[in-house]
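Have the coordinates open and follow along.

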Amino acid sequence: MSTLHLVPDDLQRLYRVKEWRNAAGVLATACPGEWQDILDVLRGFRLLRSEVVVGGGNRSLISRRIDGAFYARGWIEKDFATAFIVDDATIQSPTHAVDCFRGGVALEVEWNNKDPFFDRDLNNFRLLFDLRAIQVGVIITRATELQDIFRAEGKGTSYGAATTHHEKLWPKLEGGGGGGCPVLTFAITPALYVDDGDAAVTSAKAAQAQRRAEARRKGITEEED
């Protein structure tokens with residue numbers, strides 16, 4: 001039986017939501033504080049035109065803003081040191097860092113990455129769940145329907161079909177990519193889009209130029225999120 005009914009109606013109108021192995025039920029009952037954080041952050045999020053037009057860099061403004069909302073609530077970026085012991089041999093089993101972690105909940109933000117990153121995230125959730133390091137995984141991504149907005153803003157080619165959107169994620173989820181780990185996914189829809197005006201676009205471009213200049217001084221290569 002699905003537990004998606006535990007996701008409030010207002011959020012289901014703003015996001016495309018899907019679960020694997022009753023993830024909403026696990027969050028609501030076993031991780032109520034983290035669940036409330038997720039609900040509050042998602043309710044407070046809006047997709048700003050200025051951030052869409054400006055685009056990414058090392059990590060997009062959109063991803064940074066979502067991450068930052070969780071960090072302000074005490075979540076952290078978490079890198080797990082994992083290994084197996086067989087007889088007297090210790091076998092390292094490295095995982096990648098989780099964007100946001102708290103209380104047994106691992107949360108990834110995949111706004112505009114290459115779609116194999118979904119495989120990476122789900123496999124990471126599977127391994128961490130099997131090792132009892134997490135209880136549930138959450139992925140925040142974008143809905144495929146946003147492509148019409150991107151085209152209208154002249155950004156259609158920046159958000160290709162082979163990048164991270166829900167139509168790439170859901171088949172991987174339903175195919176068992178996360179193994180036994182409960183996984184809940186939210187895809188940002190056009191209902192969240194806000195045109196914050198040309199002045200905001202100009203300001204965002206200036207901030208991006210400054211950030212890139214600082215990155216160049218530090219020798220950091222900028223990549224799309």
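Q: What makes two residues count as touching here?
A: Contact means heavy atoms within 4.5 Å. The model itself is a predicted one. By that cut-off, His166 touches Arg16, Thr141, Arg142, Ala143, Thr144, Glu145, Pro171 and Ala187, leaving aside residues up to four places away in sequence.

Q: Where does His166 lie, and why is it called buried?
A: His166 is part of helix α8. Buried means under 20% relative accessible area; His166 has 3%, so it is buried.

Q: How do you know that α6 and α8 pack against each other, and at what angle?
A: The axes of helix α6 (residues 116-130) and helix α8 (residues 166-174) are 10 Å apart, and the angle is about 35°. The crossing of α6 past α8 is right-handed. On the α6 side the contact is made by Phe118, Asp119 and Leu122, and on the α8 side by Lys168, Leu169, Lys172 and Leu173.

Q: What classes of residue make up the contact of α6 with α8?
A: Sorted by class, there are 4 nonpolar and 3 charged residues, with no polar ones.

Q: What makes a group of residues a nonpolar core?
A: The members must be buried residues of the nonpolar kinds Ala, Val, Leu, Ile, Met, Phe, Trp, Tyr and Cys, joined through side-chain atoms within 4.5 Å. The largest such core has 38 residues, and Tyr15, Leu27, Ile38, Phe70, Leu107, Phe186 and Ile188 touch the most other members. Helix α3 (residues 32-44) gives the largest share, 5 residues. There is also a second, separate core of 15 residues, which includes Val98, Phe101, Leu122 and Cys181.

Q: Which residues does Leu107 touch?
A: Leaving aside residues up to four places away in sequence, Leu107 touches Ile38, Phe70, Trp75, Val98, Asp99, Cys100, Val138 and Ile140.

Q: How do you know how many disulfides there are?
A: A disulfide needs a pair of cysteine sulfur atoms within 2.5 Å. For Cys31, the closest cysteine sulfur is in Cys181, 11 Å away, so it is too far for a bond. For Cys100, the closest one is in Cys31 at 15 Å, and therefore also too far. The count comes to 0 disulfides.

Q: Are Cys31 and Cys100 buried or exposed?
A: With the limit for buried at under 20%, Cys31 at 1% relative accessibility is buried. Cys100, at 0%, is buried too.

Q: What makes the phi of Asp87 worth a look, and why is this residue called exposed?
A: Asp87 has a positive phi of about 55° although it is not a glycine. Asp87 lies in the loop between β4 (83-86) and β5 (89-92). Exposed means over 50%, and Asp87 has a relative accessible area of 73%, so it qualifies.

Note on methods. Residues numbered from 1 in each chain as written. Predicted model: local features only at pLDDT ≥ 70, side-chain atom pairs only at ≥ 80, totals over all residues. Heavy atoms only, no water. Buried < 20%, exposed > 50% of the residue type's maximum accessible area, 1.4 Å probe, protein only. Axes fitted to C-alpha atoms, helices over the stretch in contact; angles between N-to-C directions. Helix = DSSP H or I, 4+ residues; strand = E, 2+ residues; numbered from the N terminus. Left-handed = near helix turned anticlockwise from the far one by under 90°. Nonpolar A, V, L, I, M, F, W, Y, C, P; charged D, E, K, R; others polar.
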